[in-house]
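Welcome, and take a moment to turn the model around before reading on.

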Amino acid sequence: MKHHAEKLQYILKLAPVIPVITINKGSNAIPLAEALLEGGLKTLEITMRTPEALAAIESIASAFPEAEVGAGTVLNVADYQLATQAGARFIVSPGATDSLIAHAQISSIPFLPGVNTPSEVMRLLQVGITTMKFFPAEPAGGVPMLKAMSAPLAQALFCPTGGITLGLAPDYLALPNVICIGGSWMLQEADLKSGNWSAIKKLAAAAANL
C-alpha cells in the first residue's frame, strides 16, 4: 500500500481543503469545477449520492486534467470500479469494509477510508493504510478527539470531514495529524441554484488560503 500512501498524500496536500461536492444538476459540473479550481482548490471530491455523479466525474476529469477528481461516498466495490472507470483519481468512503480494503490493495487508484474510533484506526494501520478520513468530524469529537489520538496513533494522518466550517477549519489544520480537511461550506445552495460561480470562486479562494 506504500505507493497508494504516497499518491494519496500528494493529492491531499494540493490544498488545505477538499470541497465535498454533490452534483444534482449535470450542467453545473463544469462551471462549478472551474470556479473551485480558479479559487485554488485543485482536489475535488464528487459524492456518489446522485445519478449525475459518474458523468460529472468523467466530464470534470476530461475538461480539467490539472484537477485531482475523486469519488466520495463509495460504499461498495462496484462503485469503486465505476468511479475508477469514470476517471476518479482517488476513492473516499465514510467507512471501511473488508471488501473495499481488499479491492484497494489490488487497485491502482488510492483509497481514503473513513474512521472515527481508535480501534478502526488500528485496524487500518494493521493492513498498511496510514491516511484516513475522520468522519463525521464534528459529531465524532472534532479537534479534541484528533488531539487525543495523535500520541497513541502517531502513524495515522487524517482528513477530517463533516460539520467543519470556515471558522472551525484553522483549528483542525493546526493539528500535526491532519493533512487537509473536507468541507462544503463554499458550496452554498443559493449560489448553486442561481449559478453564482463568482461567489463560489471567492469562497474557494478563502478556503485555499487557510
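Let us begin with helix H2 (residues 29-39) and helix H3 (residues 53-63), whose axes come within 9 Å and cross at roughly 50 degrees. Here helices (H or I, at least four residues) and strands (E, at least two) are DSSP runs, numbered from the N terminus. Axes are lines fitted to C-alpha atoms, for helices over the stretch in contact, and angles run from 0 to 180 degrees between N-to-C directions. Angles under 35 degrees count as roughly parallel, over 145 as roughly antiparallel, 65 to 115 as roughly perpendicular and the rest as oblique; H2 and H3 are therefore oblique to each other. Their crossing is right-handed, a word used if the near helix is turned clockwise from the far one by less than a right angle, with left-handed for anticlockwise. On the H2 side the contact is made by Ala29, Ile30 and Ala33, and on the H3 side by Ala56, Ser59, Ile60 and Ala63. Contact means heavy atoms within 4.5 Å. Sorted by type, the residues of this contact of H2 with H3 are 6 nonpolar, 1 polar and no charged. In this sorting, Ala, Val, Leu, Ile, Met, Phe, Trp, Tyr, Cys and Pro count as nonpolar, Asp, Glu, Lys and Arg as charged, and the others, Gly among them, as polar.

A word on what you are looking at: this is a predicted model, in which local features need pLDDT of at least 70 and side-chain atom pairs count only at pLDDT 80 or more, while totals for chains, interfaces and linings use all residues. Residues are numbered from 1 along each chain as its sequence is written, and side-chain values use heavy atoms, with hydrogens and water left out.

H2 has another partner. The axes of H2 and helix H10 (residues 197-208) come within 7 Å and cross at roughly 35 degrees, again in a right-handed crossing. H2 brings Pro31, Leu32, Ala35, Leu36, Glu38 and Gly39 to this contact, and H10 brings Trp197, Ile200, Lys201, Ala204, Ala205 and Ala208. These residues of the contact of H2 with H10 divide into 9 nonpolar, 1 polar and 2 charged.

Now look inside. Which residues have the most contacts inside the largest nonpolar core? They are Leu36, Ile46, Ile91, Val121 and Phe158, in a core of 62 residues. The largest share of this core, 6 residues, comes from H2. A nonpolar core is a set of buried Ala, Val, Leu, Ile, Met, Phe, Trp, Tyr and Cys residues joined through side-chain atoms within 4.5 Å. Buried means under 20% relative accessible area, exposed over 50%, and partly exposed in between (1.4 Å probe, protein chains only). Leaving aside neighbours within four places in sequence, Leu36 is in contact with Pro19, Ile21, Leu41, Leu44, Met186, Leu187, Ile200 and Ala204.

Next, find Thr47 in strand E2 (residues 43-47). Thr47 is buried, with a relative accessible area of 0%. Not counting residues up to four places away in sequence, Thr47 touches Val20, Ile21, Thr22, Ala53, Gly72 and Thr73. Most residues other than glycine have a negative phi, and most peptide bonds are trans.

The peptide bond between Phe135 and Pro136 is cis, with omega about -10 degrees. Pro136 lies in the loop between strand E7 (131-134) and helix H7 (142-150), and Phe135 is found in that loop too. Phe135 is partly exposed, with a relative accessible area of 28%. Beyond residues up to four places away in sequence, Phe135 touches Pro94, Val115, Asn116, Thr161 and Gly162.

Our last stop is Trp185, in the loop between strand E9 (181-183) and helix H9 (189-194). Is Trp185 buried or exposed? Trp185 is buried, with a relative accessible area of 12%. Setting aside neighbours within four places in sequence, Trp185 is in contact with Val17, Ile164, Thr165, Leu166, Ala169, Leu203, Ala207 and Leu210.
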